Amino acid sequence: LRRAMQYLDPSASVPDRVRKAFDTLTEGVVILDQQTRIVLANRAFRQLHPDAGGQINGQPIDKLTWLSAGRQGSPDEPAPWVKTLQSSVTVDAEPLSVPQPEGPATQLLVTTAPIADAKGRSRGCMVTFDYVTAVHRADNNVIPYWVTIQ
């Protein structure tokens, strides 16, 4: 029964002190298992979109439509976490624009890294979401140096 409950709620096996430590991080962090299910998501990730605040542990990350809608590039290209899970490579700073129900989209940079066991076998991946909306807004409001202000 205990094993079944852990399967139904993968976050149940994560100690409370680990969850609290993850919640202190300012960037969004998600730990995925080999099947792209969310094992652990910190507070910063759950605050990226109103729909992220519910029960997302145990769900495949690709089921978060608000997250997949913001991916840039070809729709046929796999998500960065899929690339990492398939080939155990790190994906660094891939842009992501998360549409919001109200207001402008949230701009993020996604980085993924494989998680391996002691024998080097892939067990999942860690995905970080760095908030760069303020940088994008500042860049869009910068007046080029060749424009004279009168």
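## Aromatic cluster

Phe45, Trp66, Trp81 and Phe129 are linked into a cluster by ring pairs, where rings of Phe, Tyr and Trp (its six-membered ring) pair if their centres lie within 6.5 Å, and planes under 30 degrees apart count as stacked, over 60 as edge-to-face and the rest as tilted. This is a predicted model, in which local features need pLDDT of at least 70 and side-chain atom pairs count only at pLDDT 80 or more, while totals for chains, interfaces and linings use all residues. Residues are numbered from 1 along each chain as its sequence is written, and side-chain values use heavy atoms, with hydrogens and water left out.

Three aromatic pairs are found in the whole structure, and one of them is the tilted pair of Phe45 and Trp66, with 5.7 Å from centre to centre and 40° between the planes. Phe45 lies in helix H3 (residues 43-46) and Trp66 in helix H4, so this pair ties together parts that are 21 residues apart in sequence; helices (H or I, at least four residues) and strands (E, at least two) are DSSP runs, numbered from the N terminus. Phe45 is buried, with a relative accessible area of 0%, where buried means under 20% relative accessible area, exposed over 50% and partly exposed in between (1.4 Å probe, protein chains only).

## Nonpolar cores

The largest nonpolar core has 23 residues, and Val30, Phe45, Ile61, Leu67, Trp81 and Phe129 are those with the most contacts inside it; such a core is a set of buried Ala, Val, Leu, Ile, Met, Phe, Trp, Tyr and Cys residues joined through side-chain atoms within 4.5 Å. A second, separate core of five residues includes Val29, Ile31, Val39 and Leu40.

Ile31 is found in strand E1 and is buried, with a relative accessible area of 15%.

Five strands form an open sheet in the order E2-E1-E5-E4-E3, with antiparallel pairing, and two strands pair if DSSP finds at least two bridges between them. E2 and E3 stand at the edges with a single partner strand each, so one side of each is left without a neighbour in the sheet.

Within this arrangement, E1 and E5 pair in the antiparallel sense over six bridges, and Leu32 stands opposite Cys125 in E5.
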